[in-house]
Amino acid sequence: MTDHAGDRATETFVDHRNLLFTIAYEMLGSAADAEDVLQETWLRWSRVDLGQVSDKRAYLVRITTRQALNRLRTVKRRREAYVGQWLPEPLLTTPDVAEDAELAESMSMAMMLVLESLTPTERAVFVLREVFDVGYDEIAEAVGKTPAAVRQIAHRARGHVDARRPRRRASASEARAAVESFRRAIETGDPQGLLDVLAPDVVLVSDGGGLKRAALRPLVGAETVARFYCGGSARTAVTVGCEPTVINGSPALAVSVDGEFDGVMAISVQNARITGLYYVRNPEKLTHVDAGTPLTLR
């Protein structure tokens, strides 16, 4: 590749990098794996004859999707041996992500866990079609299926996701209010305050990855979750602090214990009540959050 062609290849890749990272992340649930996919994408892209490429964005999306599919099959086997509950790697995101309702919902911890239940091909098709509005013909080339097969896969994946997604997504102000009430209750050890903001069937999932202590199974029910937080901090006499932040496009909390950063709590809200708490303590998943640099996506 000539220097001029190399410059054009680099410029095109940089122009689409955020989009490619977001596609890979939504398929994999891991920023580290998404970065590896982008490295592979760049290596293949740098060897392409750009004069033969009519739609550079589509070509890059196709490479990224294929690399993510290959890695997804590998990481699914790796996650089967994961210690305790597995949660996606949280991303510190910029406010513009929250303003894009579709993108914010698709990146939420709750939705990412739903996507985990899809097959690799279903997940790729759903992400490309529903989140990024990629055409069926383009998706077919990326996943190695016919357009007719892709339409069927998209229909099946959409039905699977729709059956599990919240019926009503909370507004940004509603979510912030619920998160603030939860924060005050946690910091003051107020069990009634927790019961007031937690939905009766709230679910708490914590991920320590075997490196930090975490519940091996989800905790279900407002009383159980309230008892876990208020009882736990009282028994161990620790000071818990919660700093509002934005994780995966939604209001969340950065949690500290006795002044030391401990993890992040992503929070799902419906009808002004908290329905899901997703607490990532695994230090290997907190690199992007701990760095304190929000990601701009798309």
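1. Serine 206 lies in strand 1 (residues 198-207). Helices (H or I, at least four residues) and strands (E, at least two) are DSSP runs, numbered from the N terminus. The model is predicted: local features need pLDDT of at least 70, side-chain atom pairs count only at pLDDT 80 or more, and totals for chains, interfaces and linings use all residues. Residues are numbered from 1 along each chain as its sequence is written, and side-chain values use heavy atoms, with hydrogens and water left out.

2. Serine 206 has a relative accessible area of 7%, so it is buried (buried means under 20%, exposed over 50%, partly exposed in between, with a 1.4 Å probe and protein chains only). Apart from neighbours within four places in sequence, serine 206 is in contact (heavy atoms within 4.5 Å) with Gln85, Leu87, Ala214, Ala215 and Tyr279. A polar atom of the serine 206 side chain lies 3.0 Å from the backbone nitrogen of alanine 215. A polar contact is a pair of N or O atoms within 3.5 Å; within protein, one must be able to donate a hydrogen and the other to accept it, and residues adjacent in sequence count only if both atoms are side-chain atoms.

3. Glutamine 85 is found in the loop between helix 3 and helix 4 (95-99). With a relative accessible area of 22%, glutamine 85 is partly exposed. Neighbours within four places aside, its contacts are Val205, Ser206, Asp207, Ala215, Leu216, Arg217 and Pro218. A polar atom of the glutamine 85 side chain lies 2.9 Å from the backbone oxygen of leucine 216. Glutamine 85 and glycine 208 are 123 residues apart along the chain, and their C-alpha atoms are separated by 7.8 Å.

4. Next, the helix pairs. Two packed helices are described by the angle between their axes and the distance between the axes. Axes are lines fitted to C-alpha atoms, for helices over the stretch in contact, and angles run from 0 to 180 degrees between N-to-C directions. Helix 2 (residues 31-45) and helix 3 (residues 56-79) have axes that come within 9 Å and cross at roughly 135 degrees. That makes helix 2 oblique to helix 3 (under 35 degrees counts as roughly parallel, over 145 as roughly antiparallel, 65 to 115 as roughly perpendicular and the rest as oblique). Residues making this contact include Val37 and Trp45 of helix 2 and Tyr59, Leu60 and Ile63 of helix 3. By class, the contact has seven nonpolar, three polar and seven charged residues (Ala, Val, Leu, Ile, Met, Phe, Trp, Tyr, Cys and Pro count as nonpolar, Asp, Glu, Lys and Arg as charged, and the others, Gly among them, as polar).

5. Helix 3 also packs with helix 7, at an angle of about 145 degrees and with the axes 10 Å apart. Val61, Thr65, Leu69, Leu72, Arg73 and Lys76 of helix 3 meet Pro120, Thr121, Arg123, Ala124 and Leu128 of helix 7. Six of these residues are nonpolar, two polar and three charged.

6. The axes of helix 6 (residues 109-116) and helix 7 (residues 120-131) come within 9 Å and cross at roughly 140 degrees. Helix 6 is therefore oblique to helix 7. Met112, Leu115 and Glu116 of helix 6 touch Arg123, Phe126 and Val127 of helix 7.

7. Glutamate 102 lies in helix 5 (residues 101-107) and is exposed, with a relative accessible area of 51%. Beyond neighbours within four places in sequence, glutamate 102 is in contact with Glu130 and Val131.
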